[in-house]
Amino acid sequence: MGYRDKQWQTTRKTMKKNLPLNSIFYGPPGTGKTYNTINAAMNIIEPEPEEEQSRQDLKKKFDEYMDTGRIDFVTFHQSFSYEDFVEGLRAKTDNGKLSYYIEPGIFKKICDKAQEDKDKPCVLIIDEINRGNTANIFGELITLIESSKRAGAGEALSVNLPYSKEPFSVPDNLYIIGTMNTADRSLALIDTALRRRFQFIEMLPDPSLIDEITVQGVNIKELLTVINKRIALLYDREHTIGHSFFMSLTNQSNIDDLKTIFNQNILPLLEEYFFEDWEKIRQVLGDTSKSDELQIIRPEIDEAEITQLLGNDYNNNMINSLYSRNDEALSKPDAYIAIYEG
């Protein structure tokens with residue numbers, strides 16, 4: 001079984017089959033939030049699958065439900081609008097004549113689908129839900145998604161949509177699953193109206209999913225565990241690093257594979273988290289207690305040399321900018337081992 005399949009098997013078995021109508025998976029980058037929306041959606045659509053399915057088979061079934069409209073997927077971003085989500089006016093030209101028509105958005109389309117098939121659940125996945133202006137995107141519909149306000153509920157509500165003027169309510173067989181990257185925005189900063197209407201499910205790094213991986217003597221589980229402990233102490237746990245970044249590794253991987261992950265994923269994240277505060281990054285990597293040749297981030301010049309060049313007329317920002325990645329260390333297993341054994 002591959003490590004990706006292992007992650008799916010673990011989360012598929014432990015994830016609640018009775019997910020609430022509105023839920024958000026939140027956590028640091030690389031913890032499998034988007035990956036697990038597929039598990040959650042399929043648990044809703046097929047709570048008792050006919051047979052044990054591989055991840056590949058599950059994704060194929062997921063795509064089939066996407067094609068039929070029972071599952072849909074959207075990513076929020078800063079320019080995403082109510083008109084994109086619910087309905088809006090669109091222009092078209094016919095024989096040189098300009099006219100306008102009302103186009104339903106992704107949310108209205110899946111609500112209509114759920115209304116047609118009242119006995120079958122439908123799922124809308126909203127990736128990066130915190131990156132959009134949720135108050136503007138949902139508009140007055142933020143109230144209608146509450147379970148008690150859904151169609152058929154005791155406190156059911158409906159509204160007349162602004163463009164079509166049609167009455168609209170949210171079916172009680174529509175599930176909304178969002179994802180939220182806590183490195184982008186803290187949970188505390190999320191719109192209160194959104195927080196009250198969604199159940200938040202935390203997804204943290206899970207080193208146990210990579211506990212069997214050793215790359216040229218580097219214990220990947222220990223490596224990730226120690227790095228995240230240091231990040232949690234120096235920053236917070238919302239900015240830790242997810243296990244997914246290492247899921248491509250196997251016991252047959254070599255140090256260059258690990259180097260690529262650090263160069264392309266881990267180091268850029270650390271630079272973003274600590275705003276290029278190189279001393280804190282060095283603490284996370286254990287570089288402050290390593291020999292020079294094993295330091296992944298090391299100073300290009302020391303304070304004594306700066307003083308010799310500039311006297312005492314310098315500031316810490318000058319020192320902080322004079323750090324660089326040590327490419328030779330990134331190619332040495334001992335540089336990674338020293339992170340958790342140093």
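1. In helix α3 of this predicted model, the residues R55, L58, F62 and Y65 are buried. These residues cover an arc of only 80° around the axis, which puts them on the same side of α3. On the face of α3 turned away from the buried side one finds the exposed residues Q56, K60 and D67.

2. After α3 comes G69, which has a positive phi, near 90°.

3. Turning to the strands, which strand order does the open sheet of five strands have? The order is β2-β5-β8-β1-β9, and the pairing is parallel. The edge strands, each pairing on one side only, are β2 (71–75) and β9 (199–202), and from one strand to the next the twist averages 20°. Within this sheet, β5 (residues 122–127) and β8 (residues 174–181) run parallel and are joined by five bridges, with V123 standing opposite Y175 in β8.

4. Helix α2 (residues 33–45) lies across β1 (22–27), β2, β5 and β8, and runs at about 165° to β8. Helix α5 (residues 106–116) lies across β2, β5 and β8, and runs at about 165° to β5.

5. An antiparallel pairing is found between strand β3 (residues 87–94) and strand β4 (residues 97–104), over eight bridges; here A91 has Y100 in β4 as its bridge partner. The hairpin of β3 and β4 has two residues between the strands, and in it N95 takes a positive phi near 55°.

6. How many residues does the largest nonpolar core have, and which of them have the most contacts inside it? This core has 42 residues, and those with the most contacts inside it are I220, L223, I241, F246, L258, F262 and L270. Two or more residues each come from α9 (220–234), α10 (255–273), α11 (278–284), α14 (327–330) and α15 (333–341), and α10 gives the most, with nine residues. Leaving aside residues up to four places away in sequence, I220 touches I210, I213, V215, F246, L249 and L258. There is also a second, separate core of 31 residues, which includes I24, F80, Y82 and I106.

7. For the chain as a whole, the secondary structure comes to 15 helices and 13 strands, and buried residues make up 46% of the 342 residues. Of the contacts with a separation of 6 or more, 69% are accounted for by residues 24 or more positions apart.

Definitions and conventions
Residues are numbered from 1 along each chain as its sequence is written. This is a predicted model: local features need pLDDT of at least 70, side-chain atom pairs count only at pLDDT 80 or more; totals for chains, interfaces and linings use all residues. Side-chain values use heavy atoms; hydrogens and water are left out. Buried means under 20% relative accessible area, exposed over 50%, partly exposed in between (1.4 Å probe, protein chains only). Helices (H or I, at least four residues) and strands (E, at least two) are DSSP runs, numbered from the N terminus. The arc is that of the directions from the helix axis to the C-beta atoms. A nonpolar core is a set of buried Ala, Val, Leu, Ile, Met, Phe, Trp, Tyr and Cys residues joined through side-chain atoms within 4.5 Å. Contact means heavy atoms within 4.5 Å. Two strands pair if DSSP finds at least two bridges between them. Axes are lines fitted to C-alpha atoms, for helices over the stretch in contact, and angles run from 0 to 180 degrees between N-to-C directions.
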